[in-house]
Amino acid sequence: MGILGDSLDKAAANTATRPIPKSAGAQMRFLVKHEKGSTKAVAQRLGISQRTVERYVKEQIKRPRKELAARLIAEVTKDWQPRVRERARKKAADTGGIVIETRARFGFTAAPGSTDDGRIRLITQHLPPAYAARLFDAQATGATEQQLQDIAAEGLQEIYFKDRGRRADGLQVEFTDIDYVELDF
C-alpha cells in the first residue's frame with residue numbers, strides 16, 4: 001500500500017495482546033491453520049513451493065532465509081488476532097479516536113494577504129473518532145493512498161489548524177512530501 005495505509009496496518013498490529021509465534025515452524029503451522037489446512041495457499045502467499053511449506057510444518061527445516069523470514073513474519077502479523085484488531089478499530093472509530101504523528105510539508109490556501117508557502121512541520125495530534133472511522137472505512141474499501149492522505153489532511157486541517165472552527169476560517173490545507181507518519185489507536 002502506501003505510507004499511510006502501512007501506518008494503519010502497523011497501528012492495528014500493535015494492538016495485539018500476545019506476540020506472534022517465534023519459530024518458523026510455528027509460524028507456518030499458524031498460516032496453514034488460517035488457510036484452513038491448505039499448504040498450497042500458504043505457498044502461494046509466501047512465494048515458495050508447497051513441499052517447502054510442508055517441510056517447515058514438520059520441522060524438517062527450521063531456519064528460513066532472511067527474505068523468507070521477513071515475508072513469513074509479515075504474513076503472520078497480517079492475520080494475527082483479527083478479533084482483537086477489530087475491537088481496537090471499533091473502539092477508535094466509536095469513542096477513542098486516533099493519534100497521528102507526522103513530519104510532512106503542509107501548504108495552505110487561505111485568505112488574501114496570508115502566506116501559502118508550504119513548510120515542513122512536525123505534528124502530533126489526536127483526531128476524533130469520526131476521522132478514525134473514515135480512515136478505517138476508506139482502507140477497508142480499498143481507497144488509494146491519496147484518498148487516505150486527503151482524509152488525514154482534512155482531520156489535521158479541522159483539528160490542528162482551524163482549532164475546530166475557532167480560527168482560520170476558509171483555510172485549506174495540503175498534506176504533501178510526507179517524511180513519516182505514525183498512527184496509534
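User: How many salt bridges does the structure hold?

Analyst: This is a predicted model, in which local features need pLDDT of at least 70 and side-chain atom pairs count only at pLDDT 80 or more, while totals for chains, interfaces and linings use all residues. Residues are numbered from 1 along each chain as its sequence is written, and side-chain values use heavy atoms, with hydrogens and water left out. A salt bridge is a side-chain nitrogen of Lys or Arg within 4 Å of a carboxyl oxygen of Asp or Glu. The number of salt bridges in the structure is eleven.

User: How many residues apart in sequence are the parts that Glu 75 and Arg 45 tie together?

Analyst: The side chains of Glu 75 and Arg 45 form a salt bridge at 2.6 Å, N to O. Helices (H or I, at least four residues) and strands (E, at least two) are DSSP runs, numbered from the N terminus. Glu 75 belongs to helix α5 (residues 66–79) and Arg 45 to helix α3 (residues 39–46), so the parts tied together are apart in sequence by 30 residues.

User: Is Glu 75 buried or exposed?

Analyst: Buried means under 20% relative accessible area, exposed over 50%, and partly exposed in between (1.4 Å probe, protein chains only). Arg 45, with 26%, is partly exposed. Glu 75 has a relative accessible area of 13%, so Glu 75 is buried.

User: In which helix do Asp 94 and Lys 90 both lie?

Analyst: The side chains of Asp 94 and Lys 90 meet in a salt bridge of 2.9 Å, N to O. Asp 94 is partly exposed at 46%, and Lys 90 is exposed at 52%. The two are four residues apart, about one turn of the helix, and that helix is α6 (residues 82–96).

User: In which strands do Asp 177 and Arg 105 lie?

Analyst: Asp 177 and Arg 105 meet through their side chains in a salt bridge (3.0 Å, N to O). The pair ties together parts that are 72 residues apart in sequence, because Asp 177 lies in β3 (residues 172–184) and Arg 105 in β1 (residues 98–109).
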